[in-house]
Amino acid sequence: MKKVERINVMMRYINNRAHFTISEIMQEFQISRSTAIRDIREIESMGVPLVAEVGRDGGYAVMKNAVLPSVRFTDNELKALFIAFMATRNLQLPYLKSRQSLAEKLLGLISEAQQDDLVLLNKILLFEGTNPHNPELLELSDLPHPMLEKLIQLILTDRYMTLSINDVDYPIYLMHLYREKNIWWVEGFDISEEKKRLIAVDHLTEVNVFHTKKRLSRNSMLKKMAEHHVKDNIVMKLGPKAIAQYKKYHPFNVALTYTDPYQTTAIAKIYVTMEKRDQLEEIASWLLFLGEDVELVEVPREVYTALEERLYRLQKRKKSQ
């Protein structure tokens, strides 16, 4: 029996008895005395309320009127969970204000020794976007747009919705909700115009369920979206250096496919609307960011023009310095 499985079975064994001894644990689980003691200490560290009884017939007992926690964490699991809280503290995530009460409830489930470890980690570890002088400070820029939480609540019940920007309504079937460059985006299929649409959550003024009598099923909607799918117009081959840059940052809609078992070469594809100047300039900057370890396979002329203009501006700026 593996250790994790043995610990879980042992906790159920302990919970069903008013009193137990080390010898009983050794016999029941066929383990040595030192292993039994270590397991009992680990169970105690998870917050199980055990009381040691001294004497010839002494052993352990579960504290009376104490309720065992329904969720039990190991020391490493607690640290992983707490550090994840810390790392995402200032990333404009939804329900950020609930984090404090959640942390307090978590701390209430663990031992004082575990609490001390987490308090120490909170003082020492700093992450990007955290104020080093006041890590607990939440600035207005750290909080997401208030419409984000309302949008998430709606998604859990229905993906057909009407997104409003001032007096303009967009009936959509929501495909994804994602965050890119500190902005939350809704990617959806516009039901009226039958095309994909991207809308910044910050621009939304209202979100409601889209009521319609002729609502398509999910499979029918996916089929319709597939019919209107646009073919990627930029295809490139990436070497290991470019893949490393890709992992640092890439636009959300870039599809990457590795072409060798060691993942040192890959094909990247993306669709860019040539009529949108901001998209052209963004993709040109990203291609330069990838570096020289890129081979352009299929690229529209407009992208080459944007690349040339970007390089010209960079050279002009360099000469002026």
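## Conventions and model

Axes are lines fitted to C-alpha atoms, for helices over the stretch in contact, and angles run from 0 to 180 degrees between N-to-C directions. Helices (H or I, at least four residues) and strands (E, at least two) are DSSP runs, numbered from the N terminus.

The model is predicted: local features need pLDDT of at least 70 and side-chain atom pairs count only at pLDDT 80 or more, whereas totals for chains, interfaces and linings use all residues. Residues are numbered from 1 along each chain as its sequence is written, and side-chain values use heavy atoms, with hydrogens and water left out.

## Overall composition

The secondary structure of the chain comprises 11 helices and 12 strands. Of the 321 residues in the chain, 35% are buried (under 20% relative accessible area; exposed means over 50% and partly exposed in between, with a 1.4 Å probe and protein chains only). Among contacts (heavy atoms within 4.5 Å) with a separation of 6 or more, 58% are between residues 24 or more positions apart.

## Packing of α1 and α3

Helix α1 (residues 3-15) packs with helix α3 (residues 33-45) at an angle of about 75 degrees, and their axes are 10 Å apart. The two helices are therefore roughly perpendicular to each other (65 to 115 degrees; angles under 35 count as roughly parallel, over 145 as roughly antiparallel and the rest as oblique).

Two strands pair if DSSP finds at least two bridges between them. Strand β4 (residues 160-165) and strand β5 (residues 168-180) run antiparallel and are joined by six bridges, with S164 opposite D169 in β5. Their hairpin has two residues between the strands, and N166 in the turn has a positive phi of about 60 degrees. Strand β5 also pairs with strand β6 (residues 183-190), in the antiparallel sense over eight bridges; I172 stands opposite D190 in β6. The hairpin of β5 and β6 has two residues between the strands, and K181 takes a positive phi near 55 degrees.

In helix α7 (residues 147-155), the buried residues are M147, L148, L151, I152 and L154. Seen down the axis of α7, they fall within an arc of 160 degrees, so they line one face of the helix; the arc is that of the directions from the helix axis to the C-beta atoms. These buried residues pack against β4, β5, β6 and β8 (206-209).

An open sheet of four strands has the order β10-β11-β9-β12, with antiparallel pairing. β10 (255-258) and β12 (294-298) stand at the edges with a single partner strand each, so one side of each is left without a neighbour in the sheet. Direction ignored, neighbouring strands of this sheet are turned by 25 degrees against each other on average. Strand β9 (residues 234-238) is joined to β12 by four bridges, and L238 stands opposite V294 in β12.

Helix α9 packs on the sheet, touching β9, β10, β11 (266-270) and β12, and its direction makes about 115 degrees with that of β9. Helix α10 (residues 277-290) lies across β9, β11 and β12, running at about 10 degrees to β9. Q245 is placed in α9 (residues 240-248) and is buried, with a relative accessible area of 17%. Leaving aside neighbours within four places in sequence, Q245 is in contact with F289 and L290.
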